[in-house]
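Let's take a walk through this one together, starting with the whole chain and ending at the ligands. Keep the viewer open as you read.

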Amino acid sequence: MIDETRHPCFNKNAAKDYGRMHLPVAPACNVQCNFCNRDYDCVNESRPGVTSTILSPGQAEWFFTKVSAETPISVAGIAGPGDPFCDPEPTLKTFELIRAAHPDAILCVSSNGLNLLSSIPRLAEIGVSHVTITVNAVDAEIGSKIYSWIRRGKRTFRGVEGATLLLENQLAAIASLKAHGITVKINSIVIPGVNDHHIPRIAEEMKKRGADLFNCIPMIPVEGAVFGNLTEPDHDAMWKIKEEAGKFLPQMKHCQRCRADAVGKLTEKDPSLWRELFLDAAS
Ligand code: SF4
Ligand code: SF4
């Protein structure tokens, strides 16, 4: 039986004793969010979407095995740097390899939810217990301001049509995840003047859909992104938003906005700690 209370993101008490490892096996993305620029990639930068390199599933398993032998890592997570289900195979293969070698590891994945639905039965079979979906709007008009485009197969959707397609797929995925007994966290990126007023409404809708935990994340303005000139929401603004959203769902309040190759306890900020081993894994 896997002890899920050891997940440092879903249980703040566990963060003192256990770390997580993000395995960067998913480079491509099927959505373009206006706050994201995955081209901007630097080892000194600490934010989602950034990694020093991409690992294959075999390299990821090797790296997880090496590091978890030396430090308490309870979670093998996949959070990009793109979307893990844009091309699901490397993500699913990585989880299969880690599950075979580490029966007690908590498996966790983060997605925009666009192409997640069809992979859920396999995730459940492998024993992935925690899934995060980033839902930045439950109103397609607002969503249309957040996403430049949404790609489905060879077709590209924009505006309200694209945002509607994304939301429909997110809601279907949440329903299926809950039907499979998987814990669901919702991340919402708080974008000033775009969706900051809308976050409690998202939390309310996610509660109705059965989500377990809600994580409001202040947008980091990133050079080269459409929203790169906006100002990051300050502590007071975030506090108020979390208060309002907290009327509907429990709030995660200790998120560190980790890189796609983050390793260790949430409080360990030094990306160079496991870097040599990480680059060995990739070579
Ligand atoms: Fe970036 Fe994630 Fe949005 Fe893709 S879904 S554009 S990786 S933030
Ligand atoms: Fe946990 Fe937040 Fe880091 Fe994800 S980004 S691993 S939820 S602390």
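The radius of gyration here is taken over C-alpha atoms, and the globule rule to hold it against is 2.2 Å times the number of residues to the power 0.38. Keep in mind that this is a predicted model. With 283 residues, that rule puts a compact globule near 19 Å, and the protein chain comes out at 18 Å, which agrees. You can check that against the box: along the principal axes, the C-alpha atoms fill roughly 45 × 40 × 40 Å.

So what is inside? The protein chain has 8 helices and 10 strands. Buried residues account for 45% of the 283 residues; a residue counts as buried if 20 or more other C-beta atoms lie within 10 Å of its own. The contacts also reach across the sequence: of those between residues at least 6 apart, 77% join residues at least 24 apart.

Now zoom in on strand 4, residues 106–111. How many of its 6 residues are buried? The count is 6 of the 6, so strand 4 is largely enclosed by the rest of the structure. Both faces are covered, with Ile 106, Cys 108 and Ser 110 buried on one side and Leu 107, Val 109 and Ser 111 buried on the other. Strand 3 runs parallel to strand 4, and 4 bridges join the two. One pairing to click on is Val 75 with its bridge partner in strand 4, Ile 106.

The buried residues in question are Pro 90, Thr 91, Leu 92, Thr 94, Phe 95 and Ile 98. An α-helix has 3.6 residues a turn, so residues three or four places apart point the same way. As for length, helix 2 has 14 residues (88–101), which at 1.5 Å a residue should span 20 Å; its end C-alpha atoms are 20 Å apart, which agrees.

Last stop, the ligands. Around ligand 1 there are 11 residues, and Cys 29, Val 31, Cys 33, Cys 36 and Asn 112 come nearest. By class, that shell divides into 4 nonpolar, 5 polar and 2 charged residues.

Terms used:
Residues are numbered from 1 along each chain as its sequence is written. Chains are lettered from A and ligands numbered from 1 in the order in which they are written. This is a predicted model: local features need pLDDT of at least 70, side-chain atom pairs count only at pLDDT 80 or more; totals for chains, interfaces and linings use all residues. Helices (H or I, at least four residues) and strands (E, at least two) are DSSP runs, numbered from the N terminus. The expected span of a helix is 1.5 Å times one less than its number of residues. A residue is buried if 20 or more other C-beta atoms lie within 10 Å of its own, exposed if 12 or fewer, and partly exposed in between; C-beta atoms are placed from the backbone. Two residues are in contact if their C-beta atoms, placed from the backbone, lie within 7 Å. A residue is near a molecule or strand if its C-beta atom, placed from the backbone, lies within 6 Å of it. Ala, Val, Leu, Ile, Met, Phe, Trp, Tyr, Cys and Pro count as nonpolar, Asp, Glu, Lys and Arg as charged, and the others, Gly among them, as polar. Two strands pair if DSSP finds at least two bridges between them.
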